[in-house]
Amino acid sequence: MTVLRHVYQCMYKIPGSINAHLVSTCTARLSNELKRSVWGFVAIAFNRVDMDRLMKVGPNRLCAEWLLKNGGAIRTKGNPDILLKNYNLLPPESDKFLIKVADATGSSIMKIGLQHFNGCKHIDTVIIHSCRHLEEDGLNDIVYLTQSLKVLQVSDCGNINDQGLMVIGKLKNLELLKIYHMPAVKNMENVKNQLQEMLPNCIMDIKK
C-alpha cells in the first residue's frame with residue numbers, strides 16, 4: 001500500500017513537468033516489490049513437501065528433486081563420486097536410488113524444506129553453505145538425519161544465530177562438524193563449547 005500511495009502522489013500531486021520521471025521511478029519501485037513477492041511465493045512453493053509426490057516417488061527422490069530445484073546437488077550411495085546438480089539428469093522415476101550426500105551450497109533452501117530429509121535414512125553428509133534464505137532456526141529439522149548423519153558443514157549462512165546452531169547437539173552420531181563465517185552468531189566460542197559438551201566424540205572445526 002505504501003508503494004501504491006506513492007504512485008498516486010506521483011501521478012496527481014506533483015507538477016506535470018516532473019510527473020513522468022517520478023511515475024517511472026514509482027513504477028520501478030512497485031515492480032521490484034512485486035518481484036520480491038513473487039520470488040517469495042516461488043521459494044516457498046519449491047520448499048514445501050508435496051505429499052502426493054512423496055507417496056508416488058518416495059523420500060529419496062523427492063528430497064533430490066527439492067535440492068536440485070533450489071540449486072543444490074546430491075551424491076547417491078550407488079555413485080558417490082558423481083555430484084548430480086542438473087535436475088534434468090535425475091534417473092527415471094522407475095530407477096530407485098539412495099541419497100548419500102546432500103549439498104545445499106548456494107541454494108535457496110528454506111526451513112520448511114528440511115522436512116524433505118524425513119525418511120532419507122542413508123544421508124551421511126550435509127553441506128549447508130551460503131544459504132541466504134535459511135531462517136535463524138532453519139536447521140531445526142536436520143534432526144530427521146540423527147541416525148545417519150556423520151559429517152555436517154554449516155557456513156556463510158547469514159541468518160542462523162547462536163541458538164539456531166544448538167540443534168546440532170542432537171545429532172548424536174556426528175563425527176565431523178565444520179562451522180565458519182556465520183555473521184549472526186555473536187559468541188562462537190560459547191557455541192563451540194556447548195556443542196563440544198553435547199557431542200564429545202565429534203571432531204569440530206568451528207570459527208567465526
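1. Setting aside neighbours within four places in sequence, Ser 130 is in contact with Gly 106, Ser 107, Ser 155, Asp 156 and Cys 157, where contact means heavy atoms within 4.5 Å. Ser 130 lies in the loop between strand 3 and strand 4, and at 15% relative accessibility Ser 130 counts as buried; buried here means under 20% relative accessible area, exposed means over 50%, and partly exposed is what falls in between, with a 1.4 Å probe and protein chains only. The side chains of Ser 130 and Arg 132 are joined by a polar contact of 3.3 Å, a polar contact being a pair of N or O atoms within 3.5 Å, of which, within protein, one must be able to donate a hydrogen and the other to accept it, while residues adjacent in sequence count only if both atoms are side-chain atoms.

2. On the basis of these values: this is a predicted model, in which local features need pLDDT of at least 70 and side-chain atom pairs count only at pLDDT 80 or more, whereas totals for chains, interfaces and linings use all residues. Residues are numbered from 1 along each chain as its sequence is written, and side-chain values use heavy atoms, with hydrogens and water left out.

3. Cys 157, one of the contacts of Ser 130, has its place in the loop between strand 4 and helix 5 (162-165) and is buried, with a relative accessible area of 0%. Not counting residues up to four places away in sequence, Cys 157 touches Ile 128, His 129, Ser 130, Cys 131, His 181, Met 182 and Pro 183.

4. On the cysteines, how many disulfides does the rule give? The count comes to zero, a disulfide being taken as a pair of cysteine sulfur atoms within 2.5 Å. Cys 131 is in no disulfide, and the nearest cysteine sulfur, that of Cys 157, is 4.6 Å away; Cys 131 is buried, with a relative accessible area of 0%. Cys 120 is likewise in no disulfide, with the nearest cysteine sulfur, that of Cys 63, 4.1 Å away, and Cys 120 is buried at a relative accessible area of 2%.

5. Turning to the overall architecture, the protein chain has six helices and six strands, which are DSSP runs numbered from the N terminus (H or I of at least four residues for helices, E of at least two for strands). From the N terminus on, the elements run α-α-α-α-β-β-β-β-α-β-α-β.

6. The six strands form an open sheet in the order 1-2-3-4-5-6, and the pairing is mixed; two strands pair if DSSP finds at least two bridges between them. Strand 1 (73-76) and strand 6 (203-206) stand at the edges, each with a single partner strand, so one side of each is left without a neighbour in the sheet. The twist averages 10° from one strand to the next, where axes are lines fitted to C-alpha atoms, for helices over the stretch in contact, and angles run from 0 to 180 degrees between N-to-C directions.

7. Strand 2 (residues 99-103) and strand 3 (residues 125-129) pair in the parallel sense over three bridges, and Asp 103 stands opposite Ile 127 in strand 3. Strand 3 also pairs in the parallel sense with strand 4 (residues 151-155), over five bridges, and there the bridge partner of Ile 128 is Val 154 in strand 4.

8. Asn 47, found in helix 2 (residues 16-47), counts as buried at 0% relative accessibility. The side chain of Asn 47 reaches the backbone nitrogen of Met 110 at 2.8 Å, and the C-alpha atoms of Asn 47 and Ile 112, 65 residues apart along the chain, are separated by 6.2 Å. Both Met 110 and Ile 112 are among the residues that Asn 47 touches when residues up to four places away in sequence are not counted, the others being Trp 66, Asn 70, Ser 108, Ile 109, Gly 113 and His 116.

9. For the chain as a whole, 41% of the 208 residues count as buried, and among contacts between residues at least 6 apart in sequence, 66% join residues at least 24 apart.
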